[in-house]
Amino acid sequence: MGSLFRSEEMSLCQLFLQSEAAYACVSELGELGLVQFRDLNPDVNAFQRKFVNEVRRCDEMERKLRYLEKEIKKDGIPMLDTGESPEAPQPREMIDLEATFEKLENELREVNQNAEALKRNYLELTELKHILRKTQVFFDEMADSHREEEQVNLLGEEGIRAGGAGAQGQNLKLGFVAGVILRERLPAFERMLWRACRGNVFLRQAMIEDPLEDPSNGDKVYKSVFIIFFQGDQLKTRVKKICEGFRATLYPCPEAPTDRREMAMGVMTRIEDLHTVLGQTQDHRHRVLVAAAKNLKNWFVKVRKIKAIYHTLNLFNLDVTQKCLIAECWVPLLDFETIQIALRRGTERSGSSVPPILNRMETFEDPPTYNRTNKFTHAFQALINAYGVASYREMNPAPYTIITFPFLFAVMFGDLGHGLIMALFGLWMVLKEKPLAAKKSDNEIWNIFFGGRYIIFLMGVFSMYTGFVYNDIFSKSLNVFGSAWSINYNTSTVMSNKALQLDPKGADYAQTPYPIGLDPVWQVAPLNKIIFQNAYKMKISIIFGVIHMLFGVFVGLFNHRYFKNKSAIYCEFIPQVIFLVFLFFYMTLLMFIKWVKYSASSTDPAFSAACAPSILITFINMVLFKAPEEGGDCSPYMFAGQAGLQKFLVVVALLCVPWMLLAKPILIMRSRKEAAHQPITPYSNENGDADAAGLNQHNSATAPAGQQPQQQGGGHGHDNEEMSEIFIHQGIHTIEYVLGSVSHTASYLRLWALSLAHAQLAEVLWNMVLQNGLKQDGWIGGIALWVVFAFWAVLTVGILVLMEGLSAFLHTLRLHWVEFQSKFYAGLGYAFQPFSFEVILDSSSSSTED
């Protein structure tokens, strides 16, 4: 089978590389992405490995690139991304890259420091400009006569009189300090001044309308200018300490108006000069960043590839001569030649004369699981791997899931209109695949939808099919082929009665069913439509469920045959099939017999619709060995000999329980006893023991890789287990299968329940929302219909397509994980994780975006 049905055959190989060729060879393998290396130095600390210095150099280069990227994004410069992936540079090119990054970082840091210093100087001059402008107003107000009251409060009446008394009054003049403070700190600053100085200071403040730029982080801050008047050196010291505590910036402010004007003119001149220098600095910085932005993506790719190569080389071992690197790796057998060609290409690139050696090794270790996928099958394989990675060479459920998953979803979601919406959305994502993938959105919900675009498209298409079978489109029906039912009542009877019956035995029914799906007449039968659909959908849910589970059991047969596990076939598969077929598949056959033999138009009264027995009651009586009640002309049996056949089926099914429970442990016990009584074969040579060991190793090594664990001993894979553990283990599996057959069959009734709920929700939305808009007449009705239709469309997409679709998706996922895969799928393997530059770069870019 292809690797989609069963994982690829893997081989453990030993790789010998010459030291000078190792880098180029690993680079070629990284581009190929088909080799998973094993760590041969698990006990060696990461800081003690051979290439730890190279890894550190790569980390340092990556740090510098992240710094450049942050500065480029800060300026909003677009980074050129061609989508190409340059090859990993040679080791000698690392020095050139390091020098380039060092030069760029130093230049950018120097420019940033200069710009920050210039901005700080510019901020100080701007603040000083506002101080000089605002304080002029303050001084003019203090000179007014109506400010005499404040001077009286600060100097006292004697001080005021002394102020005009000549030289003595000079010592009683008010001192002042001026500065700026953050606007949000101003109220607390004012309270502290009042309390600390006991009201002996006078504070005036004015807001600076335009925000100022903080040079340290570039944030916009709002500040206010203040001026504080006081008397005496003691208060001056106290005021300055308070200003310092509130991180207010104080500036010198001359008292004379002429000095203030001269200082303001000088400040304006310096601001203009600084503005010019700042512009030139920003232009230079922008040119540096634009030049770096052109190559930044390629630099990131190169550095990450170098780092990945040296990380991989750290997994290798050195031989005794220190000239050869030894690696162990898992490779797919189909790609063995491709890998050897890549190794030879790497050797030629490095100029080495010694070719690499790739030897296959024999091992009993479980290989990794590798299923090749493409963009279509990848999403379905992801659903399976979310449950558990398949064991090595185990049957893969993904190819069957491609059909069964959208189909079971559609059984629950069956509506032609809703399916069309979903299919169109999926088709749009499929057709716009390349441009949508190139955008690389970091929206997690969108990425989930886009990753499952083919699943969404198939679910929509299958839902359109089941909606056509249900004859359901937005809770209405399509009369494509013409109804097989006709109304033979007169007009007055129809108009005067809310409920009328159509007789399927008479002329009301044409005795030929609707060609495909349900007859549209059921859509206008509100009284018994749900009753009819209940019976129909409940039965098809059980039929699909039993077939799905039976298929899962038969898939397990392929596993047993591939691994040559005959005991599992005779002791597990056969009784499991018999148990499932004799009970539950027989029940589905009764449904078909009932559909075929019983009808309202039957001439035999025993096979009329009134005599049709209940399948559920028949099955319960069958399991309980209870005879059904007979009455009238109706027989409780559908065919002759049904009672005896049912007893036989139940007895055989019950005998399968001890068969599953005891057969395999007893077989293992017998094989162990036979192995214990086998005589030891003598060897004629001198080194018999050593040769015997070598012969055994040779025999086990020649076994197929996927079958090696099963070939050990006679215990059929249970060599190291106690017999008590084997009996307990088999008992758990038997109980799980027997009880699970009942519960899993009932679990498929969710197909019926969700399908019914979906149809009823669609009908409620039509009757309670859209129908109200359709009933309105005139131009008002036209406007109302627009509004009502928009509301109905939003509810339809939001509730019926998205929420109901998610619910049906989760229920379908559960049916596959629990009811289907539990019949054959172990899921105990581990995924093949090859050394691939593509995967490494994708994960690095996604983590950088986060």
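The protein chain carries 24 helices and 11 strands, where helices are DSSP runs of H or I with at least four residues, strands are E runs of at least two, and both are numbered from the N terminus. Please keep in mind that this is a predicted model, in which local features need pLDDT of at least 70, side-chain atom pairs count only at pLDDT 80 or more, and totals for chains, interfaces and linings use all residues. Residues are numbered from 1 along each chain as its sequence is written, and side-chain values use heavy atoms, leaving out hydrogens and water.

**Overall form**

Along the principal axes, the C-alpha atoms occupy a box of roughly 140 × 110 × 50 Å. The radius of gyration is 43 Å, whereas a compact globule of 850 residues would come out near 29 Å; the value is taken over C-alpha atoms, and the globule rule is 2.2 Å times the number of residues to the power 0.38. Of the 850 residues, 43% are buried, meaning under 20% relative accessible area, with exposed over 50% and partly exposed in between (1.4 Å probe, protein chains only). Among contacts (heavy atoms within 4.5 Å) with a separation of 6 or more, 82% join residues 24 or more positions apart.

**The cores and helix 9**

A nonpolar core here is a set of buried Ala, Val, Leu, Ile, Met, Phe, Trp, Tyr and Cys residues joined through side-chain atoms within 4.5 Å. The largest one has 63 residues, and Ile455, Met459, Phe579, Leu583, Phe584 and Phe809 touch the most other members. Helix 17 (residues 566-597) gives the most to this core, with 12 residues. A second, separate core of 58 residues includes Ala292, Leu296, Phe316 and Ala327.

Leaving aside residues up to four places away in sequence, Ile455 touches Ala379, Phe380, Leu383, Phe405 and Phe809. Helix 9 (residues 377-387) has Ala379, Phe380 and Leu383 among its buried residues. The buried residues of this helix pack against helix 10 (398-413), helix 13 (444-451), helix 14 (453-470) and helix 23 (778-820).

Most residues other than glycine have a negative phi. Two exceptions are tabulated below.
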